[in-house]
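My notes follow in the order I made them.

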Amino acid sequence: MSYINKVQKLRSKLGLVVLFVFSIIGLLFSVIEILEGVSGGQYWPTKIFIASFLWLIIYFSAFYSYYRSLYLFSSAYLIGVALFHLGLIYLITFGLAEVHSWVKSTTSIRMEIAGWYVFLSFCSFGIGAVIGVFTSRRNNISVKINNVDLKKTNNFIFLQGVGLSLAALIFLVWAISSYGNILAYSREELFNVRTDTRGFGVFMMVLPGALILLTVSASTKIQRLFVYPLTLFFFLLMMLSGYRSAALFPSLVGIILWVKTGRKIPAVVALSFLSFVLVAIAVVGVFRQMGAYQDLGTEQLASSYEKVNVVDSFVEMGASFGVLSEVIKFIPNKDPFRYGYSYWQALKEMIPNIGFSIDSSKSRRNKSSKASFDKSALMELTPADWITYKLNRWKFDHGQGVGFSAIAEPYFNFGIVGVIGYFGVLGFLLSRLDQKNIILHPYVYLLVGSVFWTFMRTVRNDFINFTKPLGFIIIILLIYNLGLVVLGKRVKFSIK
């Protein structure tokens, strides 16, 4: 190893050490602020801004110095948490938004506590991520990709993408048989109509992952000519239909996989896509409220664009912070900690309801009726349903929700210890994932490509939004590959 390479390696590790020390100090300071009490007032957003912004600068500098890449799964998840929990706080700090109840009332004390919980989650994540690097046997990520391994793995991944696409098509047919003309419904009506919604629900779980696999692994001209336009079509369809999470999170995962498989994305393209996303989030938020899909057109889209600006996107994304503060208000003062029940509940929901009848005991209407007369039934609600029931009964009764928070759920279960533990473990695992050369680990490639976008979605929702699609996709892939074995077309490859 040359002297220059040794110096660069030392610098990269020094950055991680600085991050680790700063995260330890930040964690201790956050715990003191949360437990000893805060003053609130109009300046608390500035304190959270300074602490979190400084930490983010150190984090991204350290990991870019180590990996020489910004396209990391750990970084993508962290960006999601930051946008959905800090967006509005940063706007308030710079005077671009006003939320009087957050800074000029007794509520400000609780809001500041929530802010320190966000910073606590960052510091815990950073500690876990650094430990994940230094306890790895490999000093750095391998960037060398053998063309033989690449071709073999891409063939395998493309075949799996085909299988998920076929499953998505089957569930789409099921959805059409249940709804009839899907375009006759608005987005809110789709999951509130009295019919079997499972076909459409599973279609939305499976299709994005299938398109990620097909797009990233397409290696022949014919495959690209078919897959690229199809992916672009469904991306625009999902965006215009109001399913932004099903379009944007898969896009982010696809971009990371694209780079990790040896390709590059020009900075101009990346910045252009980011600009598009910031505008699209706000535009689609207005557009999807304008009625049934068949009644929407270019006139309504243009009207939506005229009514919003980029600031609206950050305001909307920052709503998850408000949910976090409400959870802190209710637990443990009015409701007890769940001690892991929501995670156990999420694991149980991995087993899909594939019968011919709908289990009405799990419907929103039945849960709402039970909760009205039996408060213990509130304990059985998923975190997102529970907070919706608490804050907006109309939305709960009509199949809608207020979302949730990746930070709120570990607090919901175990309090401050839960937040530290969850994000510490998560930072460790995602750090280890980023060190994998996915070309040499095709099963990791397959799992990440098909379901990681659903895990990204949990930054603004509860854990069941990851485990339920995970269960469906694993079962679909098992059935599909069993069918390939029966047909004598099993794909064999070696894993180094």
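**Entry 1: helix 8**

I began with helix 8: 20 of its 20 residues are buried, so helix 8 is largely enclosed by the rest of the structure. Buried here means under 20% relative accessible area, exposed over 50%, and partly exposed in between, with a 1.4 Å probe and protein chains only. Helices (H or I, at least four residues) and strands (E, at least two) are DSSP runs, numbered from the N terminus.

I then checked the length of helix 8, residues 198-217. At 1.5 Å a residue its 20 residues should span 28 Å, and the end C-alpha atoms lie 29 Å apart, which agrees. The expected span is 1.5 Å times one less than the number of residues.

I also looked up Y243, in the loop between helix 9 (221-240) and helix 10 (245-260). Y243 counts as buried because its relative accessibility is 10%. Its C-alpha atom is 9.1 Å from that of M204, 39 residues away along the chain.

**Entry 2: basis and confidence**

I noted that this is a predicted model, in which local features need pLDDT of at least 70 and side-chain atom pairs count only at pLDDT 80 or more, while totals for chains, interfaces and linings use all residues. Residues are numbered from 1 along each chain as its sequence is written, and side-chain values use heavy atoms, with hydrogens and water left out.

pLDDT is the predictor's confidence in each residue, from 0 to 100. The chain has a mean of 80, and 76% of its residues reach 70 or more. Confidence is lowest in helix 12 (residues 298-307), at a mean of 46, and highest in helix 20 (residues 416-434), at 96. Over residues 290-306 pLDDT stays under 50, and the model has 34 contacts beyond four places in sequence for them. I take contact as heavy atoms within 4.5 Å.

**Entry 3: whole chain**

I found 22 helices and zero strands. Of the 496 residues, 52% count as buried. Among contacts between residues at least 6 apart in sequence, 79% join residues at least 24 apart.

**Entry 4: charged pairs**

I counted a salt bridge where a side-chain nitrogen of Lys or Arg is within 4 Å of a carboxyl oxygen of Asp or Glu. By this rule the count comes to seven.

One of them joins E112 to K47, with the closest N and O atoms 2.8 Å apart. E112 lies in helix 5 (residues 107-134) and K47 in helix 2, so the pair ties together parts 65 residues apart in sequence. Which of the two is buried and which is partly exposed? E112 is buried, at a relative accessible area of 0%, whereas K47 is partly exposed, at 34%. Leaving aside neighbours within four places in sequence, K47 is in contact with S39, E112 and W116.

E326 forms a salt bridge with R110, at 3.4 Å between the closest N and O atoms. This pair links distant parts of the chain, with E326 in helix 14 (residues 319-330) and R110 in helix 5, 216 residues apart. Both E326 and R110 are buried. I also see R110, E326 and K329 linked in a network of salt bridges.

D335 forms a salt bridge with R338, the closest N and O atoms being 3.9 Å apart. D335 and R338 are both buried.
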